[in-house]
Amino acid sequence: ELTAANQPYAIRQHAIAGLAVLDMAKASRHAGVLFRKAPPPGHDPSDLFAAFLARKDGAQSLAKAFQQQAPAIDAAKIGLRVLVERGVPASDLHAALQKALGNVSAKRKLDAQEMKRWIALVQKDGDPARGEAVFRRTQLGCYQCHALGGAGGRVGPDLSGIGTSAQLDYLIESVFLPSKVVREGYTTAHVVTKDGRIFTGVLQRESAKEIVLKDPIRDEIVIAVSDIDEKRIGGSLMPDGLDQSLTDAELADLFRFLAELGKPGPFAVTHRAVARRWQHAALPASIKTLESAAIGKLLQEGSTLAWQPIYARVSGDLPLTETSAAADEQIVLVRCQLEVVTPGSLSFQLNDAAGIVLWIDGKMIAAQPKMSMDLPRGGHTFAFRIDLRARKDRRLRLELVESAGANGQAKFVDGR
């Protein structure tokens with residue numbers, strides 16, 4: 001009853017996800033009906049796709065439903081995005097979603113002539129700045145698995161110096177045919193348990209008693225060998241077809257960006273102590289009228305705010321325009337974490353203090369281009385409320401710098 005068309009979209013979505021645990025065939029039929037129309041504004045059915053991918057035969061059952069009735073284009077795009085983010089091998093579902101987009105294509109063939117064409121295109125037309133923008137698209141999920149300067153996912157290799165260690169043809173092949181050559185230490189395993197759960201991740205270790213995987217969300221997934229029904233080893237966590245949502249021009253830019261990473265110039269990840277891993281959240285209307293002390297407490301606790309990860313560019317600058325879903329939103333909230341190893345005086349530098357209200361561990365601090373303060377050992381949160389209307393510079397850069405009298409030691413927290 002809760003999956004009926006007269007129910008709110010969110011209710012239908014959650015009901016079908018629950019039904020997938022009880023009756024996969026019925027759940028797939030209802031999902032097929034739901035996805036015939038594009039999701040309403042403000043609704044993202046990613047969790048529903050993930051619910052099917054987490055069950056044995058879920059992807060196959062959903063693929064059959066889509067073969068009978070194609071999903072709406074926007075629904076298909078979201079489904080493909082979830083497949084990319086989760087790294088689940090589901091060829092039939094992938095093909096059904098691609099067909100809905102009218103973009104069915106065979107696996108890309110990279111013979112010598114085609115590779116030569118791509119290398120020439122990248123060298124002639126590829127723009128690394130545009131390529132960085134492609135890399136940062138949340139739909140591609142690059143930061144889910146890969147890090148730059150330590151900030152981002154750790155299930156795949158850190159790409160900070162990939163341009164100095166890999167040839168252009170290798171980079172092109174790694175995106176087009178990710179499972180052809182898998183770097184040592186990044187082999188994946190696909191496990192189905194006896195109770196119908198599915199796990200896909202990078203194989204960390206394996207023994208006679210258990211297998212341990214790592215995926216973009218969890219550092220360790222421990223599965224007892226006695227619970228395993230099926231196991232398949234091999235391939236890359238990055239699925240085939242990642243490139244099919246991009247134009248040739250966008251791919252050329254992306255390859256050029258990867259090729260420049262680590263080389264001297266604007267795309268060299270320096271060792272300067274700059275905040276690279278950030279989180280951002282929308283400012284609810286209910287707290288806009290609160291006093292600064294109350295807002296500082298909320299920012300410190302964070303329980304009422306939906307914080308989302310965001311990362312600085314290679315340069316170390318955080319693009320504030322990427323922190324808001326609404327084009328007209330002029331107030332943004334961002335925060336980063338600092339780990340103090342040796343307590344004492346520390347010095348920080350902001351690229352621009354205009355329009356900023358700063359809280360450190362919930363206590364409001366006067367934001368200035370150069371700041372010095374004593375901080376005790378342990379973790380500390382720097383939370384910023386930024387009024388874009390008061391700023392000419394739409395970037396934020398927070399750097400830990402050396403100065404006379406600064407005797408403390410600290411580092412910004414990175415990772416995902």
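Guide: Among the elements of the protein, helix H13 (residues 292-301) has the lowest mean pLDDT, 69, while strand E19 (residues 409-412) has the highest, 96. Keep in mind that this is a predicted model. For the protein overall, the mean pLDDT is 88, and 93% of the residues reach 70 or more.

Now for our spot. Two packed helices are described by the angle between their axes and the distance between the axes. Here the pair is helix H8, residues 128-135, and helix H12, residues 248-260. They pack at an angle of about 100°, and their axes are 7 Å apart. Angles of 65 to 115 degrees count as roughly perpendicular, so H8 is roughly perpendicular to H12.

So who actually meets whom? H8 brings Pro128, Arg130, Gly131, Glu132, Val134 and Phe135 to the contact. From H12 come Glu250, Asp253, Leu254, Arg256, Phe257, Leu258 and Glu260. Sort the residues of this contact by type and you get 6 nonpolar, 6 charged and 1 polar.

A disulfide is a covalent bond between the sulfur atoms of two cysteines. This structure holds 0 disulfides. Take Cys142: the nearest cysteine sulfur belongs to Cys145 and is 9.0 Å away. A disulfide needs the two sulfur atoms within 2.5 Å, so Cys142 is in no disulfide. Cys142 is also buried, with a relative accessible area of 13%. Cys336 is buried as well, with a relative accessible area of 1%.

Notes: Residues numbered from 1 in each chain as written. Predicted model: local features only at pLDDT ≥ 70, side-chain atom pairs only at ≥ 80, totals over all residues. Heavy atoms only, no water. Axes fitted to C-alpha atoms, helices over the stretch in contact; angles between N-to-C directions. Helix = DSSP H or I, 4+ residues; strand = E, 2+ residues; numbered from the N terminus. Parallel < 35°, antiparallel > 145°, perpendicular 65-115°, else oblique. Contact = heavy atoms within 4.5 Å. Nonpolar A, V, L, I, M, F, W, Y, C, P; charged D, E, K, R; others polar. pLDDT = per-residue confidence, 0-100. Buried < 20%, exposed > 50% of the residue type's maximum accessible area, 1.4 Å probe, protein only.
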